[in-house]
Every structure is written in C-alpha cells, then in structure tokens.
Amino acid sequence: MYYKQYGDTDMKVSAVGFGSMRFDEDDIRAGRLDKCADVQVYAYSKGINYFDTAPHYCDDKSEEVTGIALSQMDRNKVYVSSKTNFGTLETNHPTKQQFMDRLSLSLDRLRTDHIDFYHMWCMLNLKEWEAHMEALYSFFEDAKRQGMIKNIVFSSHMQGDDISEVVNTGKFKGMLIGYNALNYSFRQSGIEAAHKNGMGVVVMNPLGGGMIPRNPKLFEYLTEGTDLTVPEAALRFVASHKEITIALNGFTKKEHVDDAIKAVENLEEMPAADIVKKYQNKSSLALNDLCTSCGYCKGCPKDIPIPKFMDTYNEFILSGDKNSMTDRLNYHWHISPEVAKTCIACGHCERECTQHLPIIKRLEEIGKLA
Ligand code: SF4
Ligand code: SF4
C-alpha cells in the first residue's frame, strides 16, 4: 500500500481510504453486518488504515458495521472518520446537547472512545458554512477538549474559490471534497489552497458517482501507458495528485479492495497544475457538453440550483437514459423536477456558463419529467 502524510501532521495514511457507504445491500437488509465488516477487516489486512463512515449511510448501519470491524483491528493503527451536521438552513437546529448525544451514539456504534476525524458535514455553499460555524464549531472544540474527537475537519460540495475561503480561516485540519476526472479543473484551486495550509485532503467520489465506469470509452485516455482498467486508472488519477492525501473508495467486495490497491501501486505524485496540463486536452469531445460543476452560473433570480440540474443532465448525456435523470434528482439531490419549470429564461446563467451550455433548454427537458 502507498502511504501519504496527512497534511502537516505526523499521521501516515493509506493513499486509498475505505468509504463505508457501499456495503452489500442484501447483507445490510438481512442484518449480516459481520459479513460486511469482513470486507473492512480484509482492507485493514492489506494496509488500508483510513475508514470513513457516517450516520445514515447504508440504512444507518455503516457505523455499526465499522464498529464490528474496528473491534478486530489494532485501534492504534487505524484512523476513523465520521460526520455530523445541523440539517438545512430552514430547519430547527439541534441543541449542543443533541449534537453531543449524536456523537456519543456514533462512538457507541463504532465501539471506540474517539473519532480521529470528525466532519462538519455537507456544506453546500458559503452561507451554509457560516451557519454551520455558528451552530457547531464550539461544540466540536468542546468534544475535542474532552478527547472524543481528535481532528476537526469539514466536508463540502463548494467550488474551488469558496473552498479556499473556508480553508484560509485555518480552523480545520483537513477536508473532504468530491474530486474526479470530470470536475478536477474547477476544484484544483481548493485542493491547492488546503495543501498550502498544511491540511489533509480526502477525496470522495473519485469515479464521478459511477459516471466514469459507466462510460469507459470516454475515459480510456486515463489508462494510457498502464495495464489498469478505466475505474482503476480514474482512482490512480485522483491519488496521484500531490495535494490529495486519500482517495476514498466505496468497497462492496474484497476483490474491489484488491483492485484499488493495484491502482495505487508505485504511485507517482504530481502537482495538480501539472495534472491539469497533462490531461486537459486529452478529454474526449463529449466532455465539452458536460457541466463541470464549476459554479460560475451563480445568481439565478429564481434561485434554481443550476449546477445540480446540469449535473443531472450529465447523467442523461453519458447514459442516454432519461430515467437516470429522475433517479439522480430524487435520490442524490432530493429536488423535484418541478423546480426546473420556474426558470424565466432571463439568460443570466447561459451568459456566465464556462461550458456555454444550453441551460434553459436543458431545464425545459428536465421540467418535462415532472
Ligand atoms: S435563465 Fe433560468 S435558470 Fe438561468 S438564471 Fe435565468 S431564471 Fe435562472
Ligand atoms: S452550468 Fe455551466 S457555469 Fe454552471 S456549473 Fe455547469 S458548467 Fe459551470
């Protein structure tokens, strides 16, 4: 296993981390949690030492599974990460005691007395980040003082420049963001800022939510000069960034662990700027039609979350299946297609779009799914 240093700490972590959100669904439903934990124990035996979990993953069983696995490992040799957040800006926020109860529950389920990396979870934009800081940061500091958590970190879906703003506050030891061969050129500044600030950078979604393995032809260029499959090469692509500490992979079977380990064998690290230069022109033409999640189309007068809708449309472009859009909206973004119909065609977003996408027409198509 290839190891990297976590930010400016003395922690050595595996370049591939175990994302505990893809256990076998049948096993989870049938309560065969020991069987799921076996995959984590196998990963540990192969040198993976970073295990990421959260409440709600896998029918709320992921932390429990991870606890079973941890009880079979040397706890001092592994790092465990979990998460909490306060919900949306509109809902009533939990009290400090309720946050503490959640953390205690996570610790019980994980069968441990501390969580190594505790995330302020899922900050979608700077406004949400500010609200999270107000509601949660002092709770995180208290939990750290009490030894229940070791490092305060955050996870986010913000874009490069906004991420840099959070990073530059110096309040976090590390961060977790989505990064892959689809969105890398627009997330580059965020990971560079974090690295410069001595933070660890953990990446989720290295396979673009499954879009990359589902469309191997488009991403074949990543495999050039290797004997890797497209998913393996996409994982290696992410892990080879000097600024990225850990690429999280969701594993269902032991074979998936072996594949991921193969992907980072003899890894050669490169600065993100060089990687962007190397691959920028190799992307296939179809990528020009894809939304890159750069977020430059901000400022819709109807508050339509355009990048989320365009990400949804990406699914259609790549799969050719309109139903894939309904699934993406329902299960990933939790947005109704009705929202797309509120577009008044003012044209602001299309003027700003870095990819010059026909956003209005795409919203119309999505609106028809309602
Ligand atoms: S064209 Fe539609 S989606 Fe774009 S900014 Fe105007 S109202 Fe929003
Ligand atoms: S729609 Fe265009 S500007 Fe908006 S996030 Fe996608 S690529 Fe960027």
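1. Two strands count as paired if DSSP finds at least two bridges between them; strands (E, at least two residues) and helices (H or I, at least four) are DSSP runs numbered from the N terminus. In this predicted model, Gly19 stands opposite Gly250 in strand 10. Strand 3 (residues 16-19) and strand 10 (residues 246-250) run parallel and are joined by four bridges.

2. Eight strands close into a barrel with parallel pairing, in the order 3-4-5-6-7-8-9-10. From one strand to the next the twist averages 30°, with angles running from 0 to 180 degrees between N-to-C directions of lines fitted to C-alpha atoms, for helices over the stretch in contact.

3. Helix 5 (residues 96-110) lies across strand 5 (79-84), strand 6 (115-123) and strand 7 (149-156), at about 130° to strand 6. Helix 6 (residues 126-145) touches strand 5, strand 6 and strand 7, its direction making about 165° with that of strand 6. Contact means heavy atoms within 4.5 Å.

4. Around ligand 1 there are 13 residues, of which Cys300, Cys343, Cys346, Gly347 and Cys349 come nearest (near: a heavy atom within 4 Å). Helix 15 (348-352) and helix 16 (359-367) each give two or more residues to this shell.

5. Residues are numbered from 1 along each chain, as its sequence is written. Local features need pLDDT of at least 70, and side-chain atom pairs count only at pLDDT 80 or more.

Methods
Chains are lettered from A and ligands numbered from 1 in the order in which they are written. Side-chain values use heavy atoms; hydrogens and water are left out.
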